[in-house]
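Subject: Structure handover and notes

Hello,

Here is the structure you are taking over. My notes on what was found in it follow below.

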Amino acid sequence: MRRRFWTYAIGPKTACWAEARHDLVLGWWTVGDCRDYADPSAMARALAEGPCDEMAADEAAACCWRFAHEMGVGDVVIAVRGTDKVLGLGVVTGGYRHEVDRASALGHRRRVEWLATGMRRVGCVFRGGPLEELAEDDARIGQCFSAYGKTLADAEASRYTDRVWWLATNVAYWSLDDEVAVGETFFYYKYNERGHVRTSGRAFDEIQRGDLVLGYVGGSVKDRGVHSLLRCEAGLGSGDYEGAWRDNVVVFRKIRELSPFIPWEAFRDNPILAAAHMVRVKNVGSLFGFTPEQRDEILRILRLGKVR
């Protein structure tokens, strides 16, 4: 699948820059979940019933449709303000989400990883709506990357889409070692037993089928570490598990036992991984992600351990 390039205009129909640092977001909250519409025309009719006039409704629907159905994980995003200022270069790392309970009403969302940020005047002009696709050979793409001292290689999609995660389990509650055999699947809820989103709830939204997962086992000091490798079999709401549609669970499969296991100290004392979320918060939570640099270091550790 080809990688696409988009301009994302910071403004009233998207988000303030502070919020866009975490998610790409769109307004038009009255349209609801974009996946509920068969085509942009149906979406435009729904928008026209609200505060949009007919022309604005068509434009808004086209923008929402692109955001939900055409933008993809691994695409490059150029955040712009006005016609000649660039605020950042990013890579889309998450699928479309519709979050109806946000106070800002900016419910259309995608996760983004920013490669570079800071205001730059790049000597070219951007005109268009909140979200516009650029042709692959558009000279403005190269100008924007050069302004930050970056190249397209820095936005290589595999660094952001072939991701590694950390699933923390504790033998005081259940044992990933004893209760799950190699080849077996199991699921993990985004919500805890009190019905609250887990500390690392964002990771549950973003993990995708095929992602590699490190199975961490907590408990006695001498046994703490990564004991197994897992694969994500299905993300939230994307799979049928044991005959039931599971909107709030991620399904994992154990693919390898590690012997010897990788001790906790190998992550805690590593200068690259020491900044990883799961190290900084001392495993308070369940599912954690890594930056591209941390991911590369994880894979290096696995190779040194002759794990394939």
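D39 caps the N-terminal end of helix α2, with a side-chain oxygen 3.1 Å from the backbone nitrogen of S41. The helix itself covers residues 40-48, and A42, M43, A44 and L47 are buried in it. Please keep in mind throughout that this is a predicted model, and that the values below are computed from it.

Strand β3 covers residues 76-81, and five of its six residues are buried, so the strand is largely enclosed by the rest of the structure. Strand β1 (residues 5-9) pairs with β3 in the parallel sense, over five bridges. In this pairing A9 stands opposite V80 of β3. Strand β4 (residues 85-92) also pairs with β3, but in the antiparallel sense and over six bridges. Here I78 has L89 in β4 as its bridge partner. The hairpin formed by β3 and β4 has three residues between the strands, and G82 takes a positive phi near 70° there.

The six-stranded sheet

In what order do the strands of the open sheet lie? The order is β9-β14-β11-β10-β8-β15, six strands in mixed pairing. The edges are held by β9 (185-189) and β15 (287-289); each has a single partner strand, so one side of each is left without a neighbour in the sheet. On average, neighbouring strands of this sheet are turned by 35° against each other, direction ignored.

The partner of β15 can be looked at by residue. Strand β8 (residues 164-170) runs antiparallel to β15 and is joined to it by three bridges. W165 is placed opposite G289 in β15.

G183 counts as partly exposed, at 36% relative accessibility. In sequence G183 and L230 are 47 residues apart, while their C-alpha atoms are 9.3 Å apart in space.

Cysteines

How many disulfides does a search of the whole structure find? It finds zero. As background, a disulfide is a covalent bond between the sulfur atoms of two cysteines. For C63, the closest cysteine sulfur is in C64, and at 5.8 Å it is too far for a bond. C64 is in no disulfide either; its nearest cysteine sulfur is that of C34, 4.6 Å away. The cut-off for a disulfide is 2.5 Å between the sulfur atoms.

Aromatic rings

The count of aromatic pairs comes to seven. A pair of this kind is described by the distance of the ring centres and the angle of the planes. Two of the pairs involve W166 and are set out here.

- W166 and Y216: the ring centres are 4.9 Å apart and the planes are at 25°, so this pair is stacked. The pair links distant parts of the chain, with W166 in strand β8 and Y216 in strand β10 (residues 212-218), 50 residues apart.
- W166 and F267: the ring centres are 4.9 Å apart and the planes are at 80°, so this pair is edge-to-face. This pair also links distant parts of the chain, since W166 is in strand β8 and F267 is in helix α8 (residues 265-268), 101 residues apart.

Y216 is buried with a relative accessible area of 5%, and F267 counts as buried at 1% relative accessibility. Buried here means under 20% relative accessible area. Ring pairs link W166, Y216 and F267, together with W264, into a cluster.

One further ring contact involves a charged residue. R110 lies over the face of F67, at 5.9 Å from the ring centre.

Regards

Methods. Residues numbered from 1 in each chain as written. Heavy atoms only, no water. Pairing = 2+ DSSP bridges. Helix = DSSP H or I, 4+ residues; strand = E, 2+ residues; numbered from the N terminus. Axes fitted to C-alpha atoms, helices over the stretch in contact; angles between N-to-C directions. Buried < 20%, exposed > 50% of the residue type's maximum accessible area, 1.4 Å probe, protein only. Polar contact = N/O pair within 3.5 Å; in protein donor to acceptor, adjacent residues only side chain to side chain. Phe/Tyr/Trp six-rings, centres within 6.5 Å; stacked < 30°, edge-to-face > 60°. Lys NZ or Arg CZ within 6 Å of the ring centre and 35° of its normal.
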